[in-house]
Amino acid sequence: MRARRTGRTVSVLAFDRMAPFELGSVVEVFGINRLGLEWYDLRVCAAEPGPLRMAGGFTMTAPYGLDEFAQADTVIVPGVANVHADESPEVIAALRLAQANGARIVSICSGAFALAAAGLLDGLGATTHWKYAPILARRFPKVRVEPDVLYVDNGSVLTSAGSSAGIDLCLHLVRTDHGARVANSVARHLVAPPHRDGGQAQFVEAAVIETGADDPIGRATRWALDNLVEPITVRELARQAQLSQRTFIRHFTRRTGTSPLRWVITQRVLASLPLLESTSTPVEKVGAAVGFESPATFRHHFGRTMNVSPAAYRKTFSLRP
């Protein structure tokens, strides 16, 4: 995989009658510099000039064409017009040229069909929206379709599941380019979780619950985030919320979609990321620093949440020379 720095070009392909959500997700992450850093240069491209009709009844015009699309450092296909039809030869040629140029090529939702048509997914794992997964597997048997994940990172070729999973993949790209701290800041601006574990049917485990000062669930989660290194029990969380345990669990699960202890484990894993990225602290001590009782427990929960080991994450995302 080619090394990438901040401030590089990102192109995204718009097309007639597309749903605007996926395109908007790309714009939100790569087209708006919220942090004052050297950021991405986003270029919205189309195969043909002129106004494009969007689902929902409005039109837009893309200022760039396929030449600019293929020259970007990161190339994103946010969908295709028809998962049963062949992609245009011009788009396929542009994707192959982008690959020849060494671009990082990304699809969101049904965009995987364009990458597959260009042969970019042959022999690789890939995902798409769950309802399109059987069609992708049938049309492109050389692709190893993984229908139960949010995204698949093959290094220079990445695919994501349905619409909202595109945000997960875009944040993953920011995390790869800038580190977890920047990606978490972007996620917070989007009011989105920095990382979701599990597959397409899984819930969102909110990293920070935005609430008012008098909200009992918010009070408990703020206390937990300030005391991750200490033993945290449901009983203590309920006490901080000034609720009975049964009432607390019911309200917490309704708000977050997960159990209190599962949420705490996720926060501890997220808190370990900056330590793995920016320090040489041994993995065993990193786990202890964020509240895991043993190195084995830390490795187990880290692998379950991040799908890689702590050591592998450090090797990939370390900010140290």
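This briefing describes aromatic pairs and salt bridges in the structure above. The model is a predicted one. A search of the whole structure finds 9 aromatic pairs and 8 salt bridges. Selected examples of each follow.

**Aromatic cluster**

- Phe-292, Phe-298, Phe-302 and Tyr-313 are linked into a cluster by ring pairs.
- The ring centres of Phe-292 and Phe-298 lie 5.3 Å apart with the planes at 40°, so this pair is tilted. Both Phe-292 and Phe-298 are buried.
- Phe-302 and Tyr-313 form an edge-to-face pair, because their planes stand at 75° with the ring centres 5.8 Å apart.
- Since Phe-302 belongs to helix α13 (residues 295-306) and Tyr-313 to helix α14 (residues 310-317), their pair ties together parts 11 residues apart in sequence.
- Phe-302 is buried at 0% relative accessibility, and Tyr-313 is buried with a relative accessible area of 1%.

**Contacts of Arg-43**

- Arg-43 forms a salt bridge with Asp-41, with the closest N and O atoms 3.0 Å apart.
- The charged end of Arg-43 also sits over the ring of Tyr-64, 5.8 Å from the ring centre.
- Arg-43 is partly exposed at 23% relative accessibility, as is Asp-41 with a relative accessible area of 32%.

**Further salt bridges**

- Arg-53 and Asp-16 form a salt bridge whose closest N and O atoms are 2.4 Å apart. Arg-53 lies in strand β3 (residues 51-53) and Asp-16 in the loop between β1 (9-14) and α1 (20-30), so the pair ties together parts 37 residues apart in sequence.
- Arg-53 is partly exposed, at 40% relative accessible area; Asp-16 is partly exposed, at 27%.
- Arg-239 and Glu-236 meet in a salt bridge of 2.8 Å, N to O. Both residues lie in helix α9 (residues 234-241), 3 residues apart, or about one turn of the helix. Arg-239 is exposed at 55% relative accessibility.

Note on methods:
Residues numbered from 1 in each chain as written. Predicted model: local features only at pLDDT ≥ 70, side-chain atom pairs only at ≥ 80, totals over all residues. Heavy atoms only, no water. Phe/Tyr/Trp six-rings, centres within 6.5 Å; stacked < 30°, edge-to-face > 60°. Buried < 20%, exposed > 50% of the residue type's maximum accessible area, 1.4 Å probe, protein only. Helix = DSSP H or I, 4+ residues; strand = E, 2+ residues; numbered from the N terminus. Lys NZ or Arg CZ within 6 Å of the ring centre and 35° of its normal. Salt bridge = Lys/Arg side-chain N within 4 Å of Asp/Glu carboxyl O.
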